[in-house]
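Reader: I would like to learn how to read a few features of a protein structure. Please take them in turn.

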Amino acid sequence: MKHITLTRPSQNTWQISLSSPPDNRLTPELLSELSNALDKVEHEWRQVGGGKPHPKGREKLEGKGGGALVITSESEKFFSNGLDWERSIKIKNFFEEIFDPVTWRLLTFPLFTIAAINGHAFAGGMILALCCDYRIITSGKGFLCMNEIQFGSPLPNSFNALLSLRIPNPQQHRDTLLARRWTQQELLSMGLVDEVVEPEQVKGRAVEVGQKEGGKIASGAWGAIKRGAYHQVLEYSKSYRTLNLPPQEEKEFYERVGKDFGKAKL
């Protein structure tokens, strides 16, 4: 794989590292490789006994069906800087048929997932991190930000659904949509990240969490549990609701009020 590095840092923990310089844009090629990597991880997990209920409590059996997946970056500056937007909007149904299936797969992955956020995560990169079960962020350079408003883009349907679930506080949700760059301590207080650690500890700590929590999912029910919890995200995606870009907003306005609106006497 050109844009993904897949490793296995411990017996029951897999690690997918985004490796697409300079800033890990979520291109169709990277997303395709990420999808394939997720399939490979699940296959290996099932081959070693994952997903099979055990009457004596499999959470106590190290390496006997437990599993965790760490998502991180090879870059020291960016976890992911989001999409190649100009390219993405030229692809018909890009989100519903290319982006969303991969993030939905991660959101409902049967292993315990940890985002090791070792750099900035903007827009689609933030969404990718929010699809994980647990988030660890660097104390160094590491903002989370939905900056679509800054380059004139509405949020895709699936983004809106996931953000509503993850950020129920109205003021925090509003500020997120207005492209606030959330700092690590703010993210911790909001519950959007679980830990803030030193830059050199991010990946190692993620593996530790995976080893600790991964045993809980050995029975195979975790993916189905998450599908029930997050079904709204999939429903929003499959709605295929049209997204209005600024030119369309302007066109609809003048179709409603007329081109001579400013000339009319009040």
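Author: Start with a definition: a salt bridge is a side-chain nitrogen of Lys or Arg within 4 Å of a carboxyl oxygen of Asp or Glu. Side chains of opposite charge can pair when their charged atoms come close. Keep in mind that this is a predicted model. Here R205 forms a salt bridge with E195, with the closest N and O atoms 2.8 Å apart. This pair links distant parts of the chain, as R205 lies in helix 8 (residues 202-213) and E195 in strand 9 (residues 195-197), ten residues apart.

Reader: Is E195 buried or exposed?

Author: Buried means under 20% relative accessible area. E195 has a relative accessible area of 14%, so E195 is buried. R205, at 28%, is partly exposed.

Reader: How many salt bridges are there by this rule?

Author: The count comes to 15 salt bridges. One of them joins the side chains of E42 and R46, at 2.8 Å from N to O. These two residues are four apart in helix 1, and therefore separated by about one helical turn. E42 counts as buried at 14% relative accessibility, while R46 counts as partly exposed at 34%. Both belong to a network of salt bridges that links D39, E42, R46 and R105.

Reader: Which residue forms a salt bridge with E44?

Author: That residue is K40, and the closest N and O atoms are 3.3 Å apart. E44 and K40 both lie in helix 1 (residues 28-47), four residues apart. K40 is partly exposed, with a relative accessible area of 43%.

Reader: Which residues line the second largest pocket?

Author: They are E76, N118, T138, G140, K141, P199, E200, V202 and K203. The volume of this second largest pocket is about 180 Å³. Its lining divides into two nonpolar, three polar and four charged residues.

Reader: Where is S10 found?

Author: S10 is in strand 1 (residues 4-10). The side chain of S10 makes a polar contact with the side chain of T13, at 2.8 Å. S10 counts as buried, at 11% relative accessibility.

Notes. Residues numbered from 1 in each chain as written. Predicted model: local features only at pLDDT ≥ 70, side-chain atom pairs only at ≥ 80, totals over all residues. Heavy atoms only, no water. Buried < 20%, exposed > 50% of the residue type's maximum accessible area, 1.4 Å probe, protein only. Polar contact = N/O pair within 3.5 Å; in protein donor to acceptor, adjacent residues only side chain to side chain. 1 Å grid on protein atoms, 1.4 Å probe; cavity = no way out; pocket = protein on both sides within 12 Å on 5 of 7 lines; lining within 4 Å. Points joined across faces, edges and corners; volume = space filled by probe spheres on them. Nonpolar A, V, L, I, M, F, W, Y, C, P; charged D, E, K, R; others polar.
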